[in-house]
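Subject: Structure handover

Hi,

Here is the structure for you to look over. My notes on what was found follow below it.

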Amino acid sequence: MAFRPLDTLAAVRIDERDQRFLDGNGLRVGYDVVGTGSPLVLLHGASSTGREDFGAQLPRLRHAFTCYLPDARGHARTVHDAARGLALDDLVADLVAFVDGLGLGTFDLIGFSLGAATALAYAMGQPKRLRSLVLVGAATEREPQTSVIRHLADVDRIERQDAAWAAALARRHDPFQGEGAWRRLMPAIAAFVAAQEPPSPAALRRIELPALVVVGDRDPVVPVPQAVALAHQMPDARLFVVPGCGHEVPAKRPGLFLEGLTGFYRSLGTVG
């Protein structure tokens, strides 16, 4: 889950003309679009946005892909009362409505943390829609993610110990979702994580497409053995363990993550 503000600003400033809205699954989904080429959908982590999680990679990705970065329900511009909860089925249905609304036939998909859970569930259900799949920080077991996220998402703790992050969360979500929205979002994220069921081996075997599983070697949410097991259970998956990094690989080790992405897409003939 993207529970910390970035150390630096996103490398790409999204032009107002690239900020758009699409109606689908009962939501008005806010999203950004940059680049030219085949479609690539990027799903951000919990409490974050796509431009923040993937901003450092967009300058390169935009030359090979048209990058679509939707805000998840309850996040930033996609208005949803988080007090009503978050459910994986809803997030997957949101993704279905989003790509259908864009008229995408097949596409490449990247998901980080909450976005990785959504991307993985989508891939298990509709693998033929995907050309490739990248999962970053994808937890497949209840622990340690449930305990770690319960602690990190505690609103009282955030307000007592991390005023800067509380302010960043308020700036990110409250202007669109309403005052105090981030305080409703964080417990919804913790409940979402606690409710997740591990994917079955049979469902993972249905993902017969090129995949890349990315994990930081110091990730407190997704231990490396979980990522190894996930990669081994998908028929055509590679594993990229990022050294000296915790959960937030795209933001904390942006160069290494970009190298891993570029090598993966180059092996598929997607980029030169």
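Please keep in mind that this is a predicted model.

Start with helix α5, residues 145–152. Four of its residues are buried: Q145, T146, V148 and I149. They sit on the same side of α5, because they cover an arc of only 165 degrees around the axis. Part of what covers these buried residues is α8 (181–195).

Next, the cavity. The count at 30 Å³ or more comes to 1 cavity. The largest cavity holds about 180 Å³ of space. Its lining has 16 residues, and L43, P70, D71, A72 and L91 lie nearest the centre. The most comes from α3, with 4 residues. By class, the lining has 9 nonpolar, 4 polar and 3 charged residues.

Now the salt bridges. The structure holds 12 of them.

- D32 with R77. The closest N and O atoms are 3.0 Å apart. D32 lies in strand β2 and R77 in the loop between β4 (65–70) and α3, so the pair ties together parts that are 45 residues apart in sequence. Both D32 and R77 are buried.

- R129 with D100. Here the closest N and O atoms are 3.1 Å apart. The pair links distant parts of the chain, 29 residues apart: R129 is in the loop between α4 and β6 (130–136), and D100 is in helix α3. R129 is buried, at 18% relative accessible area. D100 is partly exposed, at 43%.

- E159 with R183. The closest N and O atoms are 2.7 Å apart. This pair also links distant parts of the chain, with E159 in helix α6 (residues 155–161) and R183 in helix α8, 24 residues apart. E159 is partly exposed, with a relative accessible area of 35%. R183 is partly exposed too, with a relative accessible area of 39%.

One more point on D32 and R77. Together with R51 and D71, they are linked in a network of salt bridges.

Helix α3 gives the most residues to the cavity lining, and D100 of α3 pairs with R129. Helix α8 is part of the cover over the buried residues of α5, and R183 of α8 pairs with E159.

Best wishes

Note on methods: Residues are numbered from 1 along each chain as its sequence is written. This is a predicted model: local features need pLDDT of at least 70, side-chain atom pairs count only at pLDDT 80 or more; totals for chains, interfaces and linings use all residues. Side-chain values use heavy atoms; hydrogens and water are left out. Buried means under 20% relative accessible area, exposed over 50%, partly exposed in between (1.4 Å probe, protein chains only). Helices (H or I, at least four residues) and strands (E, at least two) are DSSP runs, numbered from the N terminus. The arc is that of the directions from the helix axis to the C-beta atoms. Contact means heavy atoms within 4.5 Å. On a 1 Å grid over the protein atoms alone, a cavity is a set of points where a 1.4 Å probe fits but cannot get out, and a pocket is an open set with protein on both sides within 12 Å along at least five of seven lines; lining residues have an atom within 4 Å of a point. Grid points are joined across faces, edges and corners, and a volume is the space filled by probe spheres set on the points. Ala, Val, Leu, Ile, Met, Phe, Trp, Tyr, Cys and Pro count as nonpolar, Asp, Glu, Lys and Arg as charged, and the others, Gly among them, as polar. A salt bridge is a side-chain nitrogen of Lys or Arg within 4 Å of a carboxyl oxygen of Asp or Glu.
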